[in-house]
Amino acid sequence: MRSRSNLVVLALVAVSLVSAATSRAGRQNVNTKAAAKVDEAAEGEKRFVTNCGRCHQPPSDISPREAKAVLRQMRVRAMLSAEDERLILKYLAP
Amino acid sequence: METAVHKVAPSTRANASSFGCVRIYRNAALFLLMAVLYVPAAKGQAEGPVITGSAGFLYSNNDGQTSVQPILTPVVLVPLGSHLLVETSAQLQGYIARSSANGPYEGQFFGTLQYLQLDWVVNSHLTVVAGRFTTPFNIYGERLGPMWLHNLQDAPLIYPIGTRTTGSSNGGMVRGVVVSRPTWLLNYTVFFSTLSEVSNLESGRAFGARTGIFLPRARLEVGTSYQRFLQDQHNDSYGAYFSWQPRSAPVDAKGEYAHSPQGHGYWIEAALRFKDSGKGGLALAKFQPVVRGQQFFRKAPGVNDFLPATDTQRVDFGLNYYPIPSVRLNASYGRQFTDARDINYWTADITYHFLFPMAFWLKESK
């Protein structure tokens, strides 16, 4: 009887530990993604300055939808790469 | 382009083909209409059409002749899926000036279609463009053409070289990046254009190419252009350009050289970017002084080539002020020197750059 209750306690402890570990990993994953997003926005700013900044300043306020349409046009006119387009979008409308 | 609109010399051959051109443009318009109507099917996607462009009010006094020009240049961008884009721009312009030295001001209003093109972005190496597009020769017309982008109101003296007849072409174009490395990038553009004398859709028969090398670390781009004009007298135009924003100084320097059988010349422009200098505080950061020098050398007389009739030198000094990023106030003074006489040019203008989602798309864009 005692051994059975010990097993139940042990199982509960194990489940709690796994749950806590998973939760911590999830938080770390979220933090990693947020950091990656910041890095991409910073890289996007660099690419904006290098490519777009040769002719104009960044727009003061632009929605993601507007940014996508304008970046598609700039991809044609300024010959931006797909990677440039993606990263500059992260900078203009994160 | 808000610069000079160049008319094509009439020709019998062109008149005979004008009905064919009308049919082509009607079909093209129908195709683009179908494309735009297709857009609602893509409403689930996170992109939609926008209207952008610029509005401006320009004042100029050229050798005592005063004129004012209200200009509206809307640009409509319609992304279709992940690889297609329909883009179009028209220019609605007024020109108000005295009919004689002491006569009343009289106005003319006209509109031109600058471009109406379908872009198919295949990949970074290849984009296919069909329709009416800005003629790619050097960089002024295509990159600095919108009035909110160029630093001085007047186009360079050599602008008509390589952009005949109107600055726009009707036909096809391919462009893209040949090689892209962290330290350098090689781009190209090849196009052909058909002759058109349809009102507001004029273009010359021509083909041409442009290539440029961009060095991101130095922030320097240099390139060359070539165009073969294939109507009336066939001739070649070629040019070279540079654009440089050195990291060591807050200067934006650009320049072009262009050569045609009628003449050749160059312009070079420098604008000081106080904003990037970190000096002078916020107030000074909104100002941008500009200086441009240019020369044109006439080699042979030309008919309707819109180039200066004789050897010409000109220097312009301008000052831009940006109260907010989308609004610019500009004033400039220029002096032009020729053997016959020297002329003063005064300009002032206000331009506003706008960007909105299309009205019928507002609900989805929020």
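Two strands pair if DSSP finds at least two bridges between them. Helices (H or I, at least four residues) and strands (E, at least two) are DSSP runs, numbered from the N terminus. This is a predicted model, where local features need pLDDT of at least 70, side-chain atom pairs count only at pLDDT 80 or more, and totals for chains, interfaces and linings use all residues. Residues are numbered from 1 along each chain as its sequence is written, chains are lettered from A and ligands numbered from 1 in the order in which they are written, and side-chain values use heavy atoms, with hydrogens and water left out.

View 1. B:Val75 has B:Ser89 of β3(B) as its bridge partner. The hairpin of β2(B) and β3(B) has three residues between the strands, and B:Gly81 takes a positive phi near 70 degrees.

**View 2. Strand β8 of chain B and its partners.** Strand β8 spans residues 206-215. Nine bridges join it to strand β7 (residues 185-193), and the two run antiparallel. B:Tyr188 is paired with B:Thr211 of β8(B). Strand β9 (residues 220-229) is also antiparallel to β8(B), through 10 bridges. There, B:Ala209 stands opposite B:Tyr226. Four residues separate β8(B) from β9(B) in their hairpin, and B:Arg219 in the turn has a positive phi of about 55 degrees.

**View 3. The two faces of β8(B).** In a regular strand the side chains alternate between the two faces of the sheet. Which residues of β8(B) are on the covered face? They are B:Ala206, B:Gly208, B:Arg210, B:Gly212 and B:Phe214. The uncovered face holds B:Phe207, B:Ala209, B:Thr211, B:Ile213 and B:Leu215.

**View 4. Helices α2 and α3 of chain A.** Helix α2 (residues 64-77) packs against helix α3 (residues 82-92) at an angle of about 155 degrees, with axes 10 Å apart. Axes are lines fitted to C-alpha atoms, for helices over the stretch in contact, and angles run from 0 to 180 degrees between N-to-C directions. The angle therefore makes α2(A) roughly antiparallel to α3(A) (over 145 degrees). Residues in contact (heavy atoms within 4.5 Å) include A:Leu71 and A:Arg75 of α2(A) and A:Ile88 and A:Leu89 of α3(A).

Note on methods:
Angles under 35 degrees count as roughly parallel, over 145 as roughly antiparallel, 65 to 115 as roughly perpendicular and the rest as oblique. Buried means under 20% relative accessible area, exposed over 50%, partly exposed in between (1.4 Å probe, protein chains only).
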